[in-house]
Amino acid sequence: MVDAVGYEYDFAGIPVMADRSAREPTIFSFRGKGYSSPRGLSGGDSCPLHCDCPFQWPGTVYCDHGGHNTTPSGLPAHTHYLYLQGNRLKGLRRADFTNATELRWLVLDRNQITNELLETGVLASFTGLQKLLMNRNNLTSVPGPLPSGLHQLRLAYNQISEVPSDSLRGLVNLTLLLLQGNLLKTLGDGAMRDLKSLNLLDLSQNRFHEFPRRIPPSVQQLYLSNNSLSDLPADPFASFKDLRYLRLSHNNLSDETVPVAAYNLSSLVELDLAYNRFLGVPWVPQSLQYLYLEGNLIQAFNISSFCRMMSPVHFSRLRLLRLDGNKLRASDLPPNWMHCLRLVGHVYI
């Protein structure tokens, strides 16, 4: 049985899924892959100079790692998937895409693109665009306007310090937003107001000192590792409908600055609090399956953090617990800990 989904990794290290049944391309580059890539597209369209247009994926044009300073001329009219990563592009002009207006994916990772050299409206003109990858460029703010049908926006490892209030306007179909590795301190009021479908939001490796406000309640995966968070407001996650994966490692959070039941959300599957300043294990929901607390200052293990009561039906669903790099030893665990953590398969101390 052939897997219907293929994937490669973008230049932020995050997988990009491709639907084989929809004939979406499953590789990011022909270079070094050993594939044969005949020039020319079906239908008689020519292929731009120093690009690959494989017959295996009609509508796909690979112009990556070609030393291009500008968008290659002569893009075929029915180009749907355009790979331009690893070049020296500094901007985009609408005139470069006169024929190629039906783009679905645009991959621009590892270029030198700046906001100033993005022609106004050039991105919004791709009305069918679903995935936009601009990781590792020289952007200083989230570019906009953007096409309303966009599903994924990947802007990791730029120099972004602001999210303009209108840059994400109308993106009601956006499910993934990657902003890790930037210079953000706040999100700005109303910046994410229209993101009704957002599922994954990565704000890791930024400069947040306070928990960002007005994150869309639809988010199920929220990543805020490697910031400078020292406290959390009361009920910081109360507005989320189904938050499942929460990563807050490598911050300055502690018992004194975090409400005791802040993470007690029945929807949580994974909670990462590694490398903070906790002295004790915080309260977690019995439904939690993966808990990472390594590299803290934990000295005590309280069963009540996992089980407020124990019975044949009341016990923790935890499967993995990391407590290594703390001030605990295995002998510090209470004798009845397995009655609470009866499903756990791995405990690291």
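The mean positions of the protein's 32 positive and 29 negative charges sit 2 Å apart. Keep in mind as you look around that this is a predicted model.

**The overall picture**

Let's start with the whole chain. The protein has 349 residues, and 50% of them are buried. You'll find 15 strands in it, along with one helix. If you draw a box around the C-alpha atoms along the principal axes, it comes out at roughly 75 × 50 × 30 Å.

Side chains of opposite charge can pair when their charged atoms come close. How many salt bridges does the structure hold? There are six.

| Salt bridge | N to O distance |
|---|---|
| Asp96 and Arg93 | 2.8 Å |
| Glu270 and Arg247 | 2.9 Å |
| Arg322 and Asp324 | 2.6 Å |

Let's go through these pairs. Is Asp96 buried or exposed? Asp96 counts as buried, because its relative accessibility is 17%, and buried means under 20%.

Next, look at Glu270 and Arg247, whose side chains meet in a salt bridge. Glu270 belongs to strand β12 (residues 270-272) and Arg247 to strand β11 (residues 245-247), so this pair ties together parts that are 23 residues apart in sequence. Glu270 has 11% relative accessibility, so it counts as buried. Arg247, at 30%, counts as partly exposed.

What about Arg322? Besides its salt bridge with Asp324, Arg322 belongs to a network of salt bridges that links it with Glu294 and Asp324. Arg322 is partly exposed, as its relative accessible area is 27%.

**A positive patch**

Which residues gather in a patch of positive charge on the surface? They are Arg169, Arg193, Lys196 and Lys241. To find Arg193, go to the loop between β8 (176-178) and β9 (200-202). Arg193 counts as exposed because its relative accessibility is 56%, and exposed means over 50%.

**Gln205 and its contacts**

Now move along to Gln205, in the loop between β9 and β10 (221-223). With 36% relative accessibility, Gln205 counts as partly exposed. Setting aside neighbours within four places in sequence, Gln205 is in contact with Tyr157, Gly181, Asn182, Ser225, Asn226 and Asn227. Take Tyr157 from that list: Gln205 and Tyr157 are 48 residues apart in sequence, and their C-alpha atoms are 9.0 Å apart in space.

**Some backbone details**

A few spots in the backbone deserve a look too. Gly144 and Pro145 are joined by a cis peptide bond, with omega at about 0 degrees. Pro145 sits in the loop between β6 (131-133) and β7 (152-154).

Then there are two histidines. His50 isn't a glycine, yet it has a positive phi of about 65 degrees. His250 isn't a glycine either, and its phi is positive at about 55 degrees. Where does His250 lie? Look in the loop between β11 and β12. His250 has 37% relative accessibility, so it counts as partly exposed.

How values were computed
Residues are numbered from 1 along each chain as its sequence is written. This is a predicted model: local features need pLDDT of at least 70, side-chain atom pairs count only at pLDDT 80 or more; totals for chains, interfaces and linings use all residues. Side-chain values use heavy atoms; hydrogens and water are left out. Patches are made of residues with over 30% relative accessible area and no salt bridge: like charges are joined within 9 Å, nonpolar side chains (Val, Leu, Ile, Met, Phe, Trp, Tyr) within 5 Å. Accessible areas come from the Shrake-Rupley method with a 1.4 Å probe; for residues, only the protein chains shown count as cover. A salt bridge is a side-chain nitrogen of Lys or Arg within 4 Å of a carboxyl oxygen of Asp or Glu. Lys and Arg count as positive and Asp and Glu as negative; His and the chain ends are not counted. The place of a charge is taken as NZ of Lys, CZ of Arg, CG of Asp or CD of Glu. Helices (H or I, at least four residues) and strands (E, at least two) are DSSP runs, numbered from the N terminus. Buried means under 20% relative accessible area, exposed over 50%, partly exposed in between (1.4 Å probe, protein chains only). Contact means heavy atoms within 4.5 Å.
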